[in-house]
Amino acid sequence: MLTADQQLINEHAMSRNRFLRRLGIVGLWLNPVFSYFFLWAPILVLVLFSFNQSRSVASFSGFTLKWYSNILNNMMGAESAFSTELLLNAFRNSLFVGTVATAISTVLGTMIALSMARGKYKGKRLLDALLFFPVVIPEITQAISLAIFFKVVFDWFALMSGERIFPGFHTIVAAHVTFNISYVAIVVRARLADMDPQLEEAANDLGANPWQTFWRVTFPLILPGVISGALLAFTLSLDDFVITFFTSGVGTTTLPVFVYGLLKLTVTPEVNAISTIMMVLSTLFIGISLTIQGRAVPRA
């Protein structure tokens, strides 16, 4: 039989354990809430002040769309001139770079994913490790290394041929391809991992050659992954600033670099509006990519 003091101690211990469990459950719920708040609060503030009636970023004084209208009417504040033509030209440059880089990286990334998922050869583990390098290394490190690489290659070419090559769209596209390949390969490889290889074996048993097997069996099944990887690559290319800044040349200003140039003058509501438009476009492409991947899983 337990004494009254022992019963009291046990009840106190049980009560404390229940409190700690409830506190832990509340903490698990609050942790993602605060995490997402710190991630999204600055973005939400930027979007909010892109509709602020006042030019001040200290307080919200009312809702307006005039900053978006100023972008279309070549007006950006009283202290600086703004050209919609320059903005559209930068946007066209971003679309051109993103489209070309996405096309190249999608083809190469899909080929690498197929070799990693189906191939058996020496050096496969090394290639697998190198595949994640552009994903894990800091972007500024990759940007500086690419700038140095292009400088060395251009100097060597000038020494050998006497012709000087300058940075331009070709260097930006090449730089974007270097990191987009990894993202495309990772997405397509994940799709291949969910695919039954016996389907390809069945096609071979029925007389299909490797080329026919790929286009009639493999490619239709991995197409959602290829499209998702391409959309992800295009989004990353469209939003990239650091690598583009280090590898661009004269007349190759993309939209992120253009916005950075505006920020060097002053932070205006029009800059917030341009940033909001870029964020909406990026979110749209990422959402389409995730939707395609999500719908493809049940079919697999």
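1. A crossing of two helices is called left-handed if the near helix is turned anticlockwise from the far one by less than a right angle, and right-handed if clockwise. By that convention helix 7 passes helix 9 in a right-handed crossing. The two pack at an angle of about 150 degrees, with their axes 8 Å apart; axes are lines fitted to C-alpha atoms, for helices over the stretch in contact, and angles run from 0 to 180 degrees between N-to-C directions.

2. On the basis of the model: it is predicted, local features need pLDDT of at least 70, side-chain atom pairs count only at pLDDT 80 or more, and totals for chains, interfaces and linings use all residues. Residues are numbered from 1 along each chain as its sequence is written, and side-chain values use heavy atoms, with hydrogens and water left out.

3. Overall content. The chain holds 12 helices and zero strands, where helices (H or I, at least four residues) and strands (E, at least two) are DSSP runs numbered from the N terminus. Of its 300 residues, 34% count as buried; buried means under 20% relative accessible area, exposed over 50%, and partly exposed in between (1.4 Å probe, protein chains only). Among contacts with a separation of 6 or more, 69% come from residues 24 or more positions apart, a contact being heavy atoms within 4.5 Å.

4. The contact of helix 7 with helix 9. From helix 7, the residues taking part are His176, Phe179, Asn180, Tyr183, Val184, Val187, Val188, Arg191 and Leu192. They meet Thr218, Leu221, Ile222, Pro224, Gly225, Val226, Ser228, Gly229, Leu232, Ala233, Leu236 and Ser237 of helix 9. By class this contact divides into 13 nonpolar, seven polar and one charged. Here Ala, Val, Leu, Ile, Met, Phe, Trp, Tyr, Cys and Pro count as nonpolar, Asp, Glu, Lys and Arg as charged, and the others, Gly among them, as polar.

5. Helix 8 against helix 9. The axes of helix 8 (residues 198-205) and helix 9 (residues 210-239) come within 10 Å and cross at roughly 165 degrees. The two are therefore roughly antiparallel, given that angles under 35 degrees count as roughly parallel, over 145 as roughly antiparallel, 65 to 115 as roughly perpendicular and the rest as oblique. The crossing of helix 8 with helix 9 is right-handed. Leu199, Glu200, Ala203 and Asn204 of helix 8 meet Thr213, Val217, Thr218 and Leu221 of helix 9. This contact comprises four nonpolar, three polar and one charged.

6. Helix 6 by itself. Its 23 residues (139-161) should span 33 Å at 1.5 Å a residue, and the end C-alpha atoms are 32 Å apart, which agrees; the expected span is 1.5 Å times one less than the number of residues. Gln142, Ala143, Leu146, Phe150, Phe154 and Ala158 are the buried residues of helix 6. An α-helix has 3.6 residues a turn, so residues three or four places apart point the same way. The buried residues of helix 6 pack against helix 5 (133-136), helix 7 (169-193) and helix 10 (242-247). Just after helix 6, Gly162 takes a positive phi of about 85 degrees.

7. Helix 6 against helix 7. These pack at an angle of about 135 degrees, with axes 11 Å apart. That makes helix 6 oblique to helix 7. The crossing is again right-handed. The contact is made by Gln142, Leu146, Phe150 and Phe154 of helix 6 with His170, Thr171, Ala174, Ala175, Thr178 and Phe179 of helix 7. It has six nonpolar, four polar and no charged residues.

8. Asn52. This residue lies in the loop between helix 1 (4-49) and helix 2 (66-72). At 0% relative accessibility, Asn52 counts as buried. Not counting residues up to four places away in sequence, Asn52 touches Ser59, Phe60, Ser61, Gly62, Thr64 and Trp67.

9. Gly249. The loop between helix 10 and helix 11 (255-265) contains Gly249, which counts as partly exposed at 23% relative accessibility. Its C-alpha atom is separated by 4.5 Å from that of Gly168, 81 residues apart along the chain. Gly249 touches Pro167 and Gly168, residues up to four places away in sequence not being counted.

10. Ile286. Helix 12 (residues 269-299) includes Ile286, partly exposed at 29% relative accessibility. The C-alpha atoms of Ile286 and Leu231, 55 residues apart along the chain, are separated by 6.9 Å. Leaving aside neighbours within four places in sequence, Ile286 is in contact with Leu232 and Thr235.
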